[in-house]
Amino acid sequence: MSNDKRVQAPVPGRRIGVIGAGVMGRGIAQLFLQAGYRVSLYDSQPDALARAAEFIGRMIGRQVDKGRYSEADAQGILARLDTCHGMERLAGCHVLIEAIVELLEAKKQLFAKLEKIISGKAILASNTSSLLVSDIASACAAPERVAGLHFFNPAPLMRVVEVVPAALTEAAVVRELSDLVTSTGHRAVVAADQPGFLVNHAGRGFSTEALRILEEGTAQPADVDRVMREALGFRMGPFELMDLTGLDVSGKVMQSVYDQFLQEPMFRPSSLVPPRMAAGLFGRKTGQGFYRYEDNRRIEPEAAPVPQVSLTKVWLERAGPGASRQLADDLKAAGAQFADNPAAGDTMAVVQPWGSDVSHTCSGLGLDPVRTVAVDPLPDPGLRRTLMLSPVTAAEVRDSMHGLLAAGGVPVTVINDSPGFISQRIIAVIVNIAANIAQRRIATVADIEAAVTLGLGYPLGPLSWGDSIGGARIAEILDNLFELTRDPRYRPSPWLRRRVECGVSLLTEEVERN
C-alpha cells in the first residue's frame, strides 16, 4: 500500500464490481484489492474467472516474495476477491467497471442488463479506450450515472486513470470516481468525451510526426529513435514504441483518431502504415517491424563509422548565443579554424536554424549549399548531435563536419534536409497538440501534464517542455514548418500563440469565467 499522504483511505464496506476477467479486468481487480476494497469479478466464461483468480494470486505472491506484504496481508487481500459466476452477484456493488471486448454493441447490451440489476445509486463505468462514453451511456435509462474510467495496462503499475464524463454524466459521479482512483494511489485525470480522451490524444504527435520524417526521406527509423531516446531522454523512440505496441494496434488507433476528429490534419496518419500492416510487419510480435527481432531481441542497425576530417576551416552562423558558443567551443576543441567569411576558399558554413532547413537558410543568407550544413541547436550537445545536409552538400564537407562534431566522443546522426531536424519537429508537434487539448477544454493544464508523464512516460509534460524551450521558440518552429511545407498540421494553436503574446508560461491555467 502506498504511504503517500494524499492517498485517500477506501470507503469502509465499499464493493467494486469488475466485469471482464481478461488482462485489463484482472489488473483492475488486483489494483482495488490491494487498495483495501472488496471486489466482485464477473465473466461469462468460468475458465476466464479461474485464470484471473490464479493470476491475481500469483501477482500478490510476488509482492510477498519482495517483502511488500506479509503472508497474512496476502491472505487478507485475496479473501476480498469474489469470483462471480452469475451477474446477479454484482447487485450490491457501489461502482461497476466494465472491461469487456472493445465493441460498442456488446458494451451497450451489458450496461442495459447491469442497470436492471444494480441499485439506483450505483455508478456504471467503462474502461473503453476508443469508444465514445456517450454512445455507451445511450443504452441506459439513467445515463447521468455512466462515465468512462480508463485504466492503462498493467493497471496496478500504470499510475494514471482517465475519468471521462459522458455528455449527461453528473458532476458528483466524476468527483466520486476521481476520489476512488485517488484512494488506490493512482492519479485521476478528467478528460472530455473526445476521441482518444487525453493520453492517446496527447500522444498522437510522437509517432505520426516520426512517420512523416520517414516519409520525406529525412532519416531512417533507427536515426529518429536514437535522437529521441539519447538526445531528448525518451524511454523509447517512436519506431521502437510502434514495434512494441504492434503496428496492427497503433495503426488502427492512428486512423481511428484521425477519422473521429473529422480528418483534422494534425492527426493525419501515414501512407507508409497500410502496406506494412498488410504485409504483417507488426513489430516485435511478428519478428519484423521497423526493426528485425531475434529471440524477441531488437537487432539494432550499426552506426556508420566516424569519417576522417579533411577540412577544418569553419564559418559559424551566430544564430543564438548559447547554442553557437557551445558549438564553437566544441569545434575549436576538435581542431576547427574559424573564418570570418563563409565564401572564403574551402570554408564550411554551419548554420543552426529553428524550424527551417539548410536549403531555405542558404537562400536567405546567400550561402553556398554545396559547402553548408546545419547542426540542431535544441538537444543537449553532450548527448547526441544531429547534422543536417542540403541536397547538394559535398561529401567532403559532410564527412569533415561529422568528424569534427564526433571528435569529443559524442555520437552524430546525419540526416537529409528537413525543416526542424528531428527533435524540433516532434517536440513542437507534441507541444502544439497539448495546447489544442487545453484550448478545447478537453483537460486542464495540470491533468495534461500528469497524463503525459505518467501515462506516456515522457521525460517532461508537453507544456513544461514548451516552457523549457520557450513558447515563442515553439511558435517559431511551427511557423517555419508551416511556411516551408504549407501543411496545416503545423498551424500553431491559438492557445499557444496567445500565451506567447501575453508573455506567460504555458503552464498558466485558463482564468475561470462565469
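Which residues does Val-392 touch, not counting residues up to four places away in sequence? In this predicted model, Val-392 touches Pro-369 and Val-370 when residues up to four places away in sequence are not counted, and the legends below begin with the loop that holds Val-392.

**View 1. Val-392 in the loop between β15 and α15.**
Val-392 is placed in the loop that runs between β15 and α15, and with a relative accessible area of 44% Val-392 is partly exposed. Pro-369 and Val-370 are the residues that Val-392 touches, again leaving out residues up to four places away in sequence. Glu-449 stands 57 residues from Val-392 along the chain, and the C-alpha atoms of Val-392 and Glu-449 are separated by 42 Å.

**View 2. Thr-393 in the loop between β15 (385–389) and α15 (395–406).**
The relative accessibility of Thr-393 is 14%, so this residue counts as buried. A polar atom of the side chain of Thr-393 lies 3.0 Å from the backbone oxygen of Thr-372, and a polar atom of that side chain lies 2.8 Å from the backbone nitrogen of Ser-390. Once residues up to four places away in sequence are set aside, the residues that Thr-393 touches are Pro-369, Val-370, Thr-372, Val-373 and Arg-398.

**View 3. The largest pocket and the residues of its lining.**
Rolling a probe the size of a water molecule over the atoms shows where empty space is left. The largest pocket holds about 1,600 Å³ of space. Its lining is made up of 46 residues, and those closest to the centre of the pocket are Phe-152, Asn-153, Asn-200, Thr-245 and Val-249. At least two residues of the lining come from each of α1 (23–34), α7 (199–202), α8 (204–215), α10 (238–245), α11 (247–260) and α17 (445–456), and α11 gives the most, with nine residues.

**View 4. The peptide bond from Asn-153 to Pro-154.**
Asn-153 is one of the residues closest to the centre of the largest pocket, and the peptide bond from Asn-153 to Pro-154 is cis, with omega near 0 degrees. Pro-154 has its place in the loop between β6 (146–150) and β7 (160–165). Most residues other than glycine have a negative phi, and most peptide bonds are trans.

**View 5. Gln-263 and Phe-421, two residues with a positive phi that are not glycines.**
Gln-263 has a phi of about 60 degrees, a positive value, although it is not a glycine. The loop between α11 and α12 (273–278) contains Gln-263, and Gln-263 is partly exposed, with a relative accessible area of 39%. Phe-421, likewise not a glycine, takes a positive phi of about 55 degrees. Phe-421 lies in the loop between β16 (412–415) and α16, and with a relative accessible area of 0% Phe-421 is buried.

**View 6. Helix α20 (residues 494–502) and its buried residues.**
Trp-495, Leu-496 and Arg-499 are buried in α20. These residues lie on the same side of α20, because the arc that they cover around the axis is only 100 degrees. The elements against which the buried residues of α20 pack are α16 (423–439), α17, α18 (462–469) and α19 (471–485). At the start of α20, the backbone nitrogen of Trp-495 has a side-chain oxygen of Ser-493 within 3.1 Å, and just after α20, Gly-503 takes a positive phi of about 70 degrees.

**View 7. Gln-326 in helix α13 (residues 321–333).**
Gln-326 is partly exposed, and its relative accessible area is 33%. The side chain of Gln-326 makes a polar contact of 3.0 Å with the side chain of Asp-330. Beyond residues up to four places away in sequence, which are not counted, Gln-326 touches Pro-381 and Arg-385. Leu-132 lies 194 residues from Gln-326 in sequence, and the distance from C-alpha to C-alpha is 50 Å.

Methods:
Residues numbered from 1 in each chain as written. Predicted model: local features only at pLDDT ≥ 70, side-chain atom pairs only at ≥ 80, totals over all residues. Heavy atoms only, no water. Helix = DSSP H or I, 4+ residues; strand = E, 2+ residues; numbered from the N terminus. Buried < 20%, exposed > 50% of the residue type's maximum accessible area, 1.4 Å probe, protein only. Polar contact = N/O pair within 3.5 Å; in protein donor to acceptor, adjacent residues only side chain to side chain. Contact = heavy atoms within 4.5 Å. 1 Å grid on protein atoms, 1.4 Å probe; cavity = no way out; pocket = protein on both sides within 12 Å on 5 of 7 lines; lining within 4 Å. Points joined across faces, edges and corners; volume = space filled by probe spheres on them. Arc of directions from axis to C-beta.
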